[in-house]
Amino acid sequence: MRARGLAYGLGLVGLAIGCSKKLESPTPSLTSVTPNLVCGEQLTTPVSVSGDNLTPLPTDTLQSRAVLVLPRVSLTQTSNLDGTAATGTPVVIADDPADASKQHVHWMSEQQLSFDVTPGVLAPGVYDVEVANADEQSARLTHALAVVPPPTITAVVPMSICTAQADSVVEIQGTGFLQVGTALPTVAIRNTSMDVFTTTMPVPSGCSPIAAELGAQIQSCTKLTITIPMGQVQPGSYTLLVTNPAPAACASTQIVPFVVNPPPTISALVPARLCAGGGTITVQGTGFLQGATTTITKS
């Protein structure tokens, strides 16, 4: 992509050598940003910008070696995710041809370029996107990009279940569980080595719209309810992982203990017999949890 741009730029070099006027680009325009939703952490997300007259320009054209300067991309936060106003300093997307780790603007044509949103560069909020050619001719698209944080798990209710004899319903509490249109987060129950059970259809609740300026149906929820089918997860200690839907597919990082218990077993009753007047029986066995109850039925 840079080679293609260089060929374009070198075509302008001949104009510069034969004329002393400063090179000027046509006025750029912007029409869309795709995707318009990203996660600001964990992921590097390419964002495509469409428009016209997105023109690389050569510098040092009278020297033996011209350097092609790509359009500059900057983002300015104008509101928080809840719609309240925010004022941010423009963040310029790094693009240093001499440093491969800072080459985050990619030019495809006069009508399209892309830039990378890298972890930790943009705080959560809604941003205007501006593209400026090297001669400072620029265009801005307002309320063009929403940046969201990863989901956060604060509690799992209940934290201890048994799936051997019936389905179990579990509520995951937290923040930033995204519903993007009809797309929902996924929930994975994991042991130390692998995912054991994944549900792609949790039921969200406690939801409120965010980034309304984008005109998209994006909601941030505080609860996800999942149903774990009987026998699906074997007894053991697990953790839960919530991953938001694309294009903001960050995942939770909190280690929240989650235990699947086997059914209790009874090995003995001491004494095995009682008088009709009543008495005390000690139930011996395994898997008795705090709060367990005992029921005596007539056989």
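1. The largest nonpolar core has 24 residues. Val33, Val73, Leu75, Phe115, Val129 and Leu145 have the most contacts inside it. A nonpolar core here is a set of buried Ala, Val, Leu, Ile, Met, Phe, Trp, Tyr and Cys residues joined through side-chain atoms within 4.5 Å. Buried means under 20% relative accessible area, exposed over 50%, and partly exposed in between (1.4 Å probe, protein chains only).

2. On provenance: this is a predicted model, where local features need pLDDT of at least 70, side-chain atom pairs count only at pLDDT 80 or more, and totals for chains, interfaces and linings use all residues. Residues are numbered from 1 along each chain as its sequence is written, and side-chain values use heavy atoms, with hydrogens and water left out.

3. Strand 1, strand 3 (45-52), strand 6 (72-79), strand 8, strand 9, strand 10 and strand 11 each supply at least two. Strands are DSSP runs (E, at least two residues), numbered from the N terminus.

4. Val33 is one of the core residues with the most contacts. Beyond neighbours within four places in sequence, Val33 touches Val47, Ser48, Val49, Val129, Leu141, Ala144 and Leu145. Contact means heavy atoms within 4.5 Å.

5. Another core, of 20 residues, lies apart from the largest one. Phe177, Leu224, Ile228 and Val260 are among its members.

6. Four strands form an open, antiparallel sheet in the order 1-3-9-8. Strand 1 (29-34) and strand 8 (105-109) are at the edges with a single partner strand each, so one side of each has no neighbour in the sheet. The twist averages 25° from one strand to the next. Pairing requires at least two DSSP bridges between strands. Strand 8 and strand 9 (residues 112-117) pair antiparallel over four bridges. Val105 stands opposite Phe115 in strand 9.

7. A second open sheet has five strands, order 13-21-20-15-16, with mixed pairing. Strand 13 runs parallel to strand 21 (residues 257-260), joined by two bridges. Ser160 stands opposite Val259 in strand 21.

8. Asn133 deserves a look. Is this residue buried or exposed? Asn133 is buried, with a relative accessible area of 1%. Asn133 lies in the loop between strand 10 (125-132) and strand 11 (138-148). Its side chain reaches the backbone nitrogen of Thr55 at 3.1 Å. Contacts of Asn133 beyond four places in sequence include Ser25, Pro26, Pro28, Asn53, Leu54 and Pro71.

Conventions
Axes are lines fitted to C-alpha atoms, for helices over the stretch in contact, and angles run from 0 to 180 degrees between N-to-C directions. A polar contact is a pair of N or O atoms within 3.5 Å; within protein, one must be able to donate a hydrogen and the other to accept it, and residues adjacent in sequence count only if both atoms are side-chain atoms.
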